[in-house]
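Hi,

Here is the structure I promised you. Please open it first, then read my notes below.

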Amino acid sequence: MVKYLDINNPGYSIKCKVFCDNFRDTQHVIVFAHGFGGHKDNKAAERFSEAMLSKMKKTALFVFDWPCHGSDVRKKLTLEDCDTYLTMVLDYIKAQMNVEDICLYGTSFGGYMTLKYIHDHGTNPFRKVALRCPAITMGDVMWERICTEENKAILAKGKDVMAGFDRKVMIDQNFLDSLKEADIRKWDYLDYADDILIIHGTKDEIVPVEASKEFADENVIEFIAIEDADHRFQDLNKMKLAHSHMIDFYSAR
């Protein structure tokens, strides 16, 4: 089944989508953190849910729109709002679904935000974290791969721009500066390494696979390269392979 729900707090309304067999009987949850410009109705989450539900009993996939993404109504993206959204999602799962066993699947910007969240809070709230093509160098990726030359000229004038691929998100220079300041590569994740898996395609055209490999090596994190896979893993067989690795990782106790 698929269940849509909103998490409402004063000033916030997070749009969510849950894949599960039985919402009330769920004992395990995997939070799906999508990439920049993505949304809760993305195909990767849907495909993963199909594989997950066939192999992981009483497990739900919990997908949500980051601020300014999908159906979210916020106007301008900030890292602070992203942190708040992830906290509210975790609180909802624990309080309303009565689930403590929570894992995470993060992709691209979602992977970056997950690693930033762990650092900022000084703890890993997830039993297992699997990251596909995480944007370890998110500041560089945003400036070099996502912002156009027109965007850069407008930002230089102190104005906001709409940036992204299929879907655009409003950002400003403060957002770009916050990405540069929150550089994942500066921080130590050795204490969390056993519970993190990184999967990256060798033909990723957006996020350099070398950055993920170097980050994984420095923090002794398990790293799996998927040969010839691009950023979005558009080859379904390569996506199935990545999801198979993730399910094995989540299932290990």
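Start with the outward face of helix 5, the one turned away from its buried side: Glu-149, Glu-150 and Ala-156 are exposed there. Exposed means over 50% relative accessible area, buried under 20%, and partly exposed in between (1.4 Å probe, protein chains only). Helices (H or I, at least four residues) and strands (E, at least two) are DSSP runs, numbered from the N terminus.

This is a predicted model: local features need pLDDT of at least 70, side-chain atom pairs count only at pLDDT 80 or more, and totals for chains, interfaces and linings use all residues. Residues are numbered from 1 along each chain as its sequence is written, and side-chain values use heavy atoms, with hydrogens and water left out.

Now the other side. Helix 5 covers residues 149–156, and Asn-151, Lys-152 and Leu-155 are buried. Seen down the helix axis, these buried residues fall within an arc of 100°, so they line one face. The arc is that of the directions from the axis to the C-beta atoms.

What do the buried residues of helix 5 pack against? Their partners are helix 4 (138–146), strand 7 (161–164), strand 8 (168–171) and helix 6 (173–181). Contact means heavy atoms within 4.5 Å.

Gly-158 follows helix 5. The phi of Gly-158 is positive, near 80°.

Best wishes
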